[in-house]
2 protein chains.
Amino acid sequence: MVRKSKEDAELTRKRIITAAREVFLSRGVSRTTLEHIATQANVTRGAIYWHFKNKTEIFHAIREQVLLPLIDRMDDSLTLDGNDDPLTQIKKSLCQTIDDLNDNIEMRETYEIIMIKCEYVEDFSEVLQQILENCSSILDKLVLGYQRAQAQNLLACTLSPLALAQDTHLFFSGLLHMWVKDADGSRFRNQAKSLIESHINLRRKH
Amino acid sequence: MVRKSKEDAELTRKRIITAAREVFLSRGVSRTTLEHIATQANVTRGAIYWHFKNKTEIFHAIREQVLLPLIDRMDDSLTLDGNDDPLTQIKKSLCQTIDDLNDNIEMRETYEIIMIKCEYVEDFSEVLQQILENCSSILDKLVLGYQRAQAQNLLACTLSPLALAQDTHLFFSGLLHMWVKDADGSRFRNQAKSLIESHINLRRKH
DNA sequence: ATATATACATACATTCTTGTTTGTATATAA
DNA sequence: TTATATACAAACAAGAATGTATGTATATAT
């Protein structure tokens with residue numbers, strides 16, 4: 001078999017991306033060969049070079065596949081849900097991400113690759129900047145949430161919404177990193193929800 | 001020149017470690033060749049193979065060089081300083097680590113390598129376990145601190161010392177990761193101290 | 001004083017990887 | 001219906017990178 005229809009081609013492209021994600025996960029990005037990916041995808045390197053310029057481009061494709069839907073959801077997450085109070089909204093938003101990590105294999109594997117199976121050098125160092133930018137936008141959303149919480153007099157403390165948002169953001173960054181590293185789940189994955197609960201309770205007036 | 005005295009040999013060993021740290025930092029661990037390290041250290045690969053079994057062993061040597069003194073200090077940090085109250089002790093302990101990162105080049109570079117220039121696969125996956133164990137011991141120290149804070153009625157909230165310690169631990173993990181990623185310093189490095197300050201103030205009764 | 005182990009440098013063989021080139025069957029456009 | 005671009009497979013060439021084997025000058029022990 002050689003020339004496929006356009007749909008077939010798109011399918012092979014996705015198979016390559018999936019295969020790359022699997023191999024990146026088990027061997028790390030740097031140690032992964034295009035031959036490894038090709039074998040896993042049941043194609044030859046020829047197919048890979050047809051669809052992608054090089055390994056870095058595959059990595060970006062994997063990121064986009066997970067990141068784009070995520071960004072879409074983030075916007076909803078803190079603006080919708082008019083029934084919940086702002087602090088509950090923040091809590092649910094964080095918990096939702098944990099649920100996604102548990103349920104969505106692609107997302108979980110991609111996060112794992114990004115956090116502990118990739119070296120941020122050369123082509124990849126720009127990804128760090130993108131990550132920091134994503135963090136900024138998450139921080140903005142949190143600030144909005146805490147501003148509304150303050151306006152509704154829900155807060156137990158006098159810290160500024162920005163300070164609270166930064167603290168929450170760092171907490172959640174740490175949680176995600178630990179979630180990923182805690183492969184057997186005993187230390188963080190199983191308790192993630194209750195850790196979030198405590199974090200929010202800490203700032204809610206009782 | 002060939003056979004050196006024992007002191008000379010130990011010096012070359014250290015030169016290799018330093019060179020490896022520098023090259024790991026700029027090229028990432030996986031993409032670093034023993035030849036790269038050798039060139040940077042002004043030796044040949046022969047010298048490296050004499051002192052180390054392989055690249056992984058050099059990586060471990062770099063980690064130990066920074067980690068061993070760090071563990072020693074951690075024990076002091078929360079037990080000494082009898083004049084400060086427990087919450088201030090925790091705060092100072094966290095700030096001390098930030099100061100160390102700023103002042104100690106070896107430590108800073110090593111952290112950066114461990115967090116964003118290394119892929120945790122094969123030989124390196126066991127390092128993840130070690131990291132999680134270190135986290136456990138840090139958590140234990142924080143729990144002790146918050147227990148004393150609770151005993152002295154310093155806490156603004158009803159959360160358990162364990163929950164507070166977990167929250168602080170995740171906050172600080174996140175902070176360290178962001179500190180490392182924020183190379184230009186604008187987003188996290190410059191504010192690290194005040195972020196810690198806010199985090200502690202959040203739980204102090206006023 | 002001499003033997004031996006040490007601390008490397010140098011050379012070699014083998015095994016990946018990569019990028020490119022070439023070949024080719026077929027979808028698709030004209 | 002035929003020409004052309006597509007979607008790959010297969011072969012090729014060149015350069016790394018690794019581990020090992022060998023050589024060797026000299027501390028150091030005896």
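Start with the charges: chain A carries 27 positive and 29 negative ones, and their mean positions lie 2 Å apart. Here Lys and Arg count as positive and Asp and Glu as negative, with His and the chain ends not counted; each charge is placed at NZ of Lys, CZ of Arg, CG of Asp or CD of Glu.

Keep in mind that this is a predicted model, where local features need pLDDT of at least 70, side-chain atom pairs count only at pLDDT 80 or more, and totals for chains, interfaces and linings use all residues. Residues are numbered from 1 along each chain as its sequence is written, chains are lettered from A and ligands numbered from 1 in the order in which they are written, and side-chain values use heavy atoms, leaving out hydrogens and water.

As for the fold, chain A has 9 helices and 0 strands (DSSP runs, H or I of at least four residues for helices, E of at least two for strands, numbered from the N terminus). Of its 206 residues, 54% are buried, meaning under 20% relative accessible area with a 1.4 Å probe, protein chains only.

Domain 1 brings 9 residues to the contact and domain 2 brings 11, with contact meaning heavy atoms within 4.5 Å. Between them the domains bury about 960 Å², 66% of it on carbon and sulfur atoms; that is the accessible area (1.4 Å probe) lost on putting the two parts together, summed over both. On the domain 1 side, A:Arg21, A:Leu25 and A:Val29 lose the most area to domain 2, together 66% of what that side buries.

How values were computed. Buried means under 20% relative accessible area, exposed over 50%, partly exposed in between (1.4 Å probe, protein chains only).
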